[in-house]
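Biologist: I am new to this one. Could you walk me through a few of its residues?

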Amino acid sequence: MAEVAATLSGLLFVALSLKLNAVSKEERRWMLLVSQRSFFDLMAVLLLGLCFLVPVISHQLIGWGLLWLSVMRAIWHVNHWRSYHDVALPGTRVMEYIVPMITTLMLVLAGAGMLLAKPFALHLVYLMAVVLLFAACRNAWRLLVR
């Protein structure tokens, strides 16, 4: 999982460098915001994967890390929503507002579950990583074809 996120974040940089002129234009500001969100989602998956690569790590440490990541994610998304609200494309509000909120709530639940050593927490972390990877790939595709 961590390897996939690292590879995709590198490819995101390549895609942005190919379309650097388009991203820098003011009327295409949404491209920059979508790429920032994709990069942040990929970094969240990378951090999740790296947490589980450590051989002897306690559930409490992973739980607090997940809660910290969810707080950082919530702060980042509030700032992103303020900026993206002006340039949101029609029909993308659910994917740009609701899905990130749900994944952040899943991250909070997974962090609390890891602190309490509940078995469902690992399933939530896996599900969230898949959702984040899917969303980042979807956004990268949008950047490539527009």
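This is a predicted model: local features need pLDDT of at least 70, side-chain atom pairs count only at pLDDT 80 or more; totals for chains, interfaces and linings use all residues.

Biologist: Is Ser-70 buried or exposed?

Modeller: Ser-70 is found in helix α4, which spans residues 59-84. Its relative accessibility is 3%. Buried means under 20%, so Ser-70 counts as buried.

Biologist: Which residues does Ser-70 touch, not counting those up to four places away in sequence?

Modeller: Ser-70 sits in helix α4. Leave out residues up to four places away in sequence, and Ser-70 touches Thr-104, Leu-107 and Val-108.

Biologist: With which side chain does the side chain of Thr-103 make a polar contact?

Modeller: Thr-103 lies in helix α5, residues 93-115. At 2% relative accessibility, Thr-103 is buried. Beyond its neighbours within four places in sequence, its contacts include Met-128, Val-131 and Leu-132. The polar contact of its side chain, at 2.6 Å, is with the side chain of Arg-73.

Biologist: How is the aromatic pair of Phe-40 and Trp-76 arranged: stacked or edge-to-face?

Modeller: The structure holds one aromatic pair. Phe-40 and Trp-76 form it, at 4.9 Å centre to centre. Their planes are 10° apart. Planes under 30 degrees apart count as stacked, so this pair is stacked.

Biologist: How many residues apart in sequence are the parts that this pair ties together?

Modeller: Phe-40 lies in helix α3, residues 29-53. Trp-76 is in helix α4. The pair therefore ties together parts whose separation in sequence is 36 residues.

Biologist: How does Trp-76 count by relative accessibility?

Modeller: The value for Trp-76 is 22%. Buried needs under 20%, exposed over 50%. Trp-76 therefore counts as partly exposed.

Terms used
Residues are numbered from 1 along each chain as its sequence is written. Side-chain values use heavy atoms; hydrogens and water are left out. Helices (H or I, at least four residues) and strands (E, at least two) are DSSP runs, numbered from the N terminus. Buried means under 20% relative accessible area, exposed over 50%, partly exposed in between (1.4 Å probe, protein chains only). Contact means heavy atoms within 4.5 Å. A polar contact is a pair of N or O atoms within 3.5 Å; within protein, one must be able to donate a hydrogen and the other to accept it, and residues adjacent in sequence count only if both atoms are side-chain atoms. Rings of Phe, Tyr and Trp (its six-membered ring) pair if their centres lie within 6.5 Å; planes under 30 degrees apart count as stacked, over 60 as edge-to-face and the rest as tilted.
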